[in-house]
Amino acid sequence: MRPPKISSHKTSTSSPLAVTKEWTAKVASWKVALTDIERLPDFPLERTNREIHGSDVSIVATRISSALQKLSIQADYNKDHAKCHTSDFVSFCVRLYSGGDNGQPVVVELQRQKGSGFNFMQSCRAILNAAEGMDLSVAAINGSTTQRKMKMPPFNGKPISQMKCLKSLSLTSSSTTTTAANEAHKAVQSCIELLRHDKIDSNILGMENLVCLTDPIKSSPLTATQVAKTVITGSTLDNIRDEIYATIAKTIDTEHVRAEHATILRRHALHVFDNSLKLFSVDESVWNNQSWLHGAFIKMLLEEIRNVESSSSSSSSYCPHNAYIAMSCLYSLVSGCPTARHRIMEHKGYRGAIEQASKIGQERHELLANESQRCLQLLDRP
């Protein structure tokens, strides 16, 4: 139920006669007519709303769907609203209203349902600006649309180890490597304990920790590389890869694991593999010694890509975000090891699955579309 608060509708600064940039989506995923939307209700809207003057509701809906595609936000469209989900687990609803008898102005309201408020506001501003016809700066939200770029968190412009208060604690290169290996081992063991816990929240926390450990920005380059090597090559001390697979297996049993939790676990697991493959290149020697790569792993990646269309099902743990990460893993494998390319091509229907993912990405998820095209170009090389 909406909180009883007083909120004035934000009015577009552009007049009906102002010239604005029209958005032309590749596919108008959200088709809305004036008869589909309701009049502005009597109760106050959320503060995250905006009045759009001088544009029909069909044009506003097309602008929004185009913006969601460029921002790679999953959206399920209905007549007058769209349910949206970002890659960082923020869910919100975009709803359209008519401000008058002739449909003017069109009122766009965004209502956050769960997830980070900070991340929601980033997407919210971009969507509301796009609804007015303003140009969309994807770089400010997702980094490059062709490939995500690792950036420093906004609160810290450099690695923590480079802070003045810690420079005096610098170690020699040999001792630094040894320390990183020891710290990585302790951190991985802590993650294993969480993944083995019988509570799903602990499993999610353990997987989130692994994602951070394999990210050189959030941990450190040495620690991230050590953990990535452990994930890819395995270890007699840290059997973390088996624990990841065991956790993924839990997501298949939807009777005991909620679909929402299953989606989170699978996406984090894919992130761990994706980060690890980017840090620890798989060459021919690693490929030959790691049978899991050309067996269960490739099969799992192709299944994620094939099930990209199942995202709208409430009982499914698959979505375009997962398919994008799986496609990124596939690209890392193929680019580092030519033998992996031939093994992927042995799977029946691999090309049709990637092409279908590319088509869906062009309609609704730009990151997936771009990564699919990169994979196809790499697989088509003579």
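Tutor: A quick term before we start: two strands count as paired if DSSP finds at least two bridges between them, and strands themselves are DSSP runs of at least two residues, numbered from the N terminus. Keep in mind that this is a predicted model.

Let's go with strand E5, residues 91–98. Since 7 of its 8 residues are buried, meaning under 20% relative accessible area, E5 is largely enclosed by the rest of the structure.

Now for its partners. Strand E1, residues 38–39, pairs with E5 in the parallel sense over 2 bridges. You can find that pairing by looking for Glu 38, which sits opposite Tyr 97 of E5.

Strand E4, residues 81–85, runs antiparallel to E5, with 5 bridges between them. Here the pair to look for is His 85 facing Ser 91 of E5. E4 and E5 make a hairpin with 5 residues between the strands, and in that hairpin Phe 89 adopts a positive phi near 65°.

Then there's strand E6, residues 106–114, also joined to E5: the two run antiparallel and share 8 bridges. Check Cys 93 here, which stands opposite Gln 111 in E6.

So, back to your request about what surrounds the strand: E5 has a parallel pairing with E1, an antiparallel one with E4 and an antiparallel one with E6.

Definitions and conventions: Residues are numbered from 1 along each chain as its sequence is written. This is a predicted model: local features need pLDDT of at least 70, side-chain atom pairs count only at pLDDT 80 or more; totals for chains, interfaces and linings use all residues. Side-chain values use heavy atoms; hydrogens and water are left out. Buried means under 20% relative accessible area, exposed over 50%, partly exposed in between (1.4 Å probe, protein chains only). Helices (H or I, at least four residues) and strands (E, at least two) are DSSP runs, numbered from the N terminus.
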